[in-house]
Amino acid sequence: MRIPLPSIPLGSVAGTPTALHFSVLLLVLVVAAEAEFTGQQAVLFGLAVLASLVMHLLIHLALSRWAELPEPPRGIALMPFGEVGMARWRPSGADTSTGSLLVPPLENSVSLTKGAMAILAPSGVHLATAAAIWCFAIEPYAGPPIPFAYNQMMHLFVIQASLGLINLLPLEPLDMGRLFRFLSQQRAPTGALSPLSLIRSGQLITLGIGLLSLWLGPFSLFFLCLMILSASMQIVMEETALLAAAGMSAREVMRPAQRVDSFTHGVTISAALRIAQSSFQDVFPVILQGRIIGLVDRRTLLSAAAHADKQEQLVAELASPPAQIVNLETPVSEVLAGGSPDGAAVVVSTENTFEGIILPEHLSDVLIVGAIRKEEPPEDPPEMPY
């Protein structure tokens with residue numbers, strides 16, 4: 001799943017690249033305006049939100065590795081309801097006759113109990129923390145009406161309770177929605193996910209909560225519901241696009257070589273990084289005499305450029321062979337079934353020259369643009385003078 005920009009890089013958290021999505025800052029500002037926080041209170045509230053999200057992430061990462069669940073390969077972004085993978089695990093194919101996405105089977109060592117615990121544990125921790133704050137810091141308090149410490153405890157209680165309860169909605173990318181996908185993947189004998197009816201139901205519930213909060217308040221809950229719906233709609237759009245693209249050929253969905261930011265064999269790492277910083281791509285082909293010799297991703301470039309002694313090395317030294325090379329007429333269903341780890345498939349001609357690249361996150365854009373072009377009425381031919 002792509003994360004809308006801008007996001008603020010936070011570095012590596014437990015070995016996973018992490019960024020803070022801008023919506024977290026917007027939510028803090030909305031809540032601060034509603035509660036009429038002073039500057040100090042707003043800063044403390046923002047730090048409490050960030051600490052809670054990082055705690056959510058760390059629990060997920062630790063238990064996912066314990067349960068041997070797959071992790072997003074490119075990292076994660078912290079959002080107001082938890083975290084979202086910057087590159088979701090990819091389906092292994094699509095069954096256009098049944099309208100379902102085929103998912104790769106998990107290892108036998110992944111049990112239902114361990115998987116469910118890894119997915120739902122953060123919500124349980126948030127609710128337990130909220131209960132502890134209420135029982136030991138809020139309920140027994142008998143001092144002045146709203147002292148500073150009491151007020152901060154109440155805000156922390158609201159943050160923990162909100163994160164725990166919201167993630168129990170049956171909607172991806174929330175934790176309960178992830179659990180239903182995990183159970184569907186484990187239970188379905190063919191490995192096929194059922195249609196997205198469950199996500200639709202969760203969207204209706206979230207929309208109802210959002211409209212109720214818009215009527216009764218607080219407005220911050222309405223804003224949070226909008227963010228959840230936005231992330232959920234993106235998941236639906238991308239999976240629907242993958243399914244619709246399964247019947248097309250690589251020629252129809254690839255990004256042509258002329259529109260791909262690529263590096264020639266003799267480009268240095270420092271020069272390549274300057275190109276990458278102005279590009280929206282995450283993966284870059286390295287070309288030699290019209291033929292592709294490898295791919296290099298943005299993270300590898302950044303890591304190499306951090307070392308002064310490597311900046312003048314050739315970018316070709318960082319390139320790794322493409323995990324998947326297809327021709328122009330290869331069906332997209334076969335491309336998806338290839339299971340490339342980075343999600344990129346290189347398209348070459350019969351002469352083995354580089355023709356383009358397929359990135360799953362761009363399939364939805366291709367289909368949307370294609371649908372718009374089909375709906376555009378054809379231009380009237382110019383009138384010919386007699």
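Before I go on, the ground rules. This is a predicted model, so local features need pLDDT of at least 70, side-chain atom pairs count only at pLDDT 80 or more, and totals for chains, interfaces and linings use all residues. Residues are numbered from 1 along each chain as its sequence is written, and side-chain values use heavy atoms, with hydrogens and water left out. Helices (H or I, at least four residues) and strands (E, at least two) are DSSP runs, numbered from the N terminus.

Back to the helices. The axes of α1 (residues 22-35) and α2 (residues 39-67) come within 10 Å and cross at roughly 140 degrees. That makes α1 oblique to α2. For the labels, angles under 35 degrees are roughly parallel, over 145 roughly antiparallel, 65 to 115 roughly perpendicular, and the rest oblique. Axes are lines fitted to C-alpha atoms, for helices over the stretch in contact, and angles run from 0 to 180 degrees between N-to-C directions.

What about α2 and α3? They pack at an angle of about 160 degrees, with their axes 9 Å apart. That makes α2 roughly antiparallel to α3. On the α2 side the contact includes M55, I59, L63 and W66, and on the α3 side K114, M117, A118 and A121 are among the residues. By class, this contact has 11 nonpolar, 6 polar and 1 charged residues.

Let me zoom in on L63, which sits in helix α2. Which residues does L63 touch, not counting those up to four places away in sequence? M117, A118 and A121. L63 and K114 are 51 residues apart in sequence but 8.2 Å apart in space, C-alpha to C-alpha.

Now the sheet. There's an open sheet of 4 strands, in the order β1-β2-β3-β4, with mixed pairing; two strands pair if DSSP finds at least two bridges between them. β1 (7-13) and β4 (82-85) stand at the edges with a single partner strand each, so one side of each has no neighbour in the sheet. The twist averages 30 degrees from one strand to the next. Inside, β2 (residues 16-21) and β3 (residues 76-79) pair in the parallel sense over 3 bridges, and A19 has A77 in β3 as its bridge partner. Helix α1 packs on this sheet, touching β1, β2 and β3, and its direction makes about 40 degrees with that of β2.

Further along, β9 (residues 283-288) and β10 (residues 291-297) pair in the antiparallel sense over 6 bridges. They form a hairpin with 2 residues between them, and Q289 in the turn has a positive phi of about 55 degrees. L288 has R291 in β10 as its bridge partner.

Last, confidence. The mean pLDDT, the predictor's confidence in each residue from 0 to 100, is 77 for the protein, and 75% of its residues reach 70 or more. Where is confidence lowest, and where highest? Lowest is strand β6 (residues 100-102), at a mean of 45, and highest is helix α3 (residues 112-138), at 90. Over residues 87-109, pLDDT stays under 50.

How values were computed: Contact = heavy atoms within 4.5 Å. Nonpolar A, V, L, I, M, F, W, Y, C, P; charged D, E, K, R; others polar.
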